[in-house]
Amino acid sequence: MLPLRPRASIAAGQAWWKNMPQIWMTYDELGALCGCGAMEARDRAIHLSLDRRKSRDGMTRVKLDPALMVEFFASIRETDFDLDLAIEALQNTHRQMAGLLAPSESRNRRGVA
């Protein structure tokens, strides 16, 4: 039996960005990302000609363009960085407390002649 050859996931001539995942946000979420209110986010979405659709829940959502996706991923990385710092601080505290609770070397040694 011949080994299977992997198929290209992108058809020839098709741009890679057409297969990018889509991120859709409400105006409130977009405003939080951009540091403005929902109405200003709506105006920005219109100005940038971003795709907008009404979801089944009745909320209008905006599809992020590549520049806004970069901002979104950067905000996620900052959150992860803060989380990493918190975890590191917790581990350091644990090491310090474990050191205080461990029997000291001098108590475990017997007299040496």
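Helices (H or I, at least four residues) and strands (E, at least two) are taken from DSSP runs and numbered from the N terminus. The structure is a predicted model, in which local features need pLDDT of at least 70 and side-chain atom pairs count only at pLDDT 80 or more, while totals for chains, interfaces and linings use all residues. Residues are numbered from 1 along each chain as its sequence is written, and side-chain values use heavy atoms, with hydrogens and water left out.

**View 1. The protein chain and its confidence.** The protein chain contains four helices and three strands, arranged along the sequence in the pattern β-α-α-β-β-α-α. Of its 113 residues, 15% count as buried; buried means under 20% relative accessible area, exposed over 50%, and partly exposed in between (1.4 Å probe, protein chains only). The mean pLDDT, which is the predictor's confidence in each residue on a scale from 0 to 100, is 80 for the protein chain, and 71% of the residues score at least 70. Confidence is highest in helix H2, at a mean of 96, and lowest in helix H4 (residues 105-108), at 54. Over residues 1-6, pLDDT stays under 50, and the model has zero contacts there beyond four places in sequence; a contact means heavy atoms within 4.5 Å. Among the contacts in the protein chain with a separation of 6 or more, 51% join residues 24 or more positions apart.

**View 2. The packing of helices H1 and H2.** Helix H1 (residues 27-34) packs against H2 at an angle of about 90°, with the axes 8 Å apart. Axes are lines fitted to C-alpha atoms, for helices over the stretch in contact, and angles run from 0 to 180 degrees between N-to-C directions. H1 is therefore roughly perpendicular to H2, a term for angles of 65 to 115 degrees (under 35 is roughly parallel, over 145 roughly antiparallel, and the rest oblique). H1 contributes Tyr27, Asp28, Leu30, Gly31 and Cys34 to the contact, and H2 contributes Ala38, Ala41, Arg42, Arg44 and Ala45. These residues comprise six nonpolar, one polar and three charged. Ala, Val, Leu, Ile, Met, Phe, Trp, Tyr, Cys and Pro count as nonpolar, Asp, Glu, Lys and Arg as charged, and the others, Gly among them, as polar.

**View 3. The surroundings of Ala41.** Ala41 belongs to helix H2 and is buried, at 0% relative accessibility. Residues up to four places away in sequence aside, Ala41 touches Tyr27, Leu30, Gly31 and Cys36. Leu30 and Ala41 are eleven residues apart in sequence, and their C-alpha atoms are 6.0 Å apart in space.

**View 4. Thr26 in strand S1.** Strand S1 (residues 24-26) includes Thr26, which is buried at 7% relative accessibility. Leaving out residues up to four places away in sequence, Thr26 touches Met59, Thr60 and Arg61.

**View 5. The loop at Ser49.** Ser49 sits in the loop between helix H2 (38-47) and strand S2 (52-54), where the residue is exposed, with a relative accessible area of 61%. Although not a glycine, Ser49 has a positive phi of about 55°. Most residues other than glycine have a negative phi.

**View 6. The aromatic pair of Phe72 and Phe73.** The count of aromatic pairs comes to one. Phe72 and Phe73 form this tilted pair, 5.7 Å centre to centre and with 55° between the planes. Rings of Phe, Tyr and Trp (its six-membered ring) pair if their centres lie within 6.5 Å; planes under 30 degrees apart count as stacked, over 60 as edge-to-face and the rest as tilted. Phe72 is partly exposed at 21% relative accessibility, and Phe73 is partly exposed at 36%.
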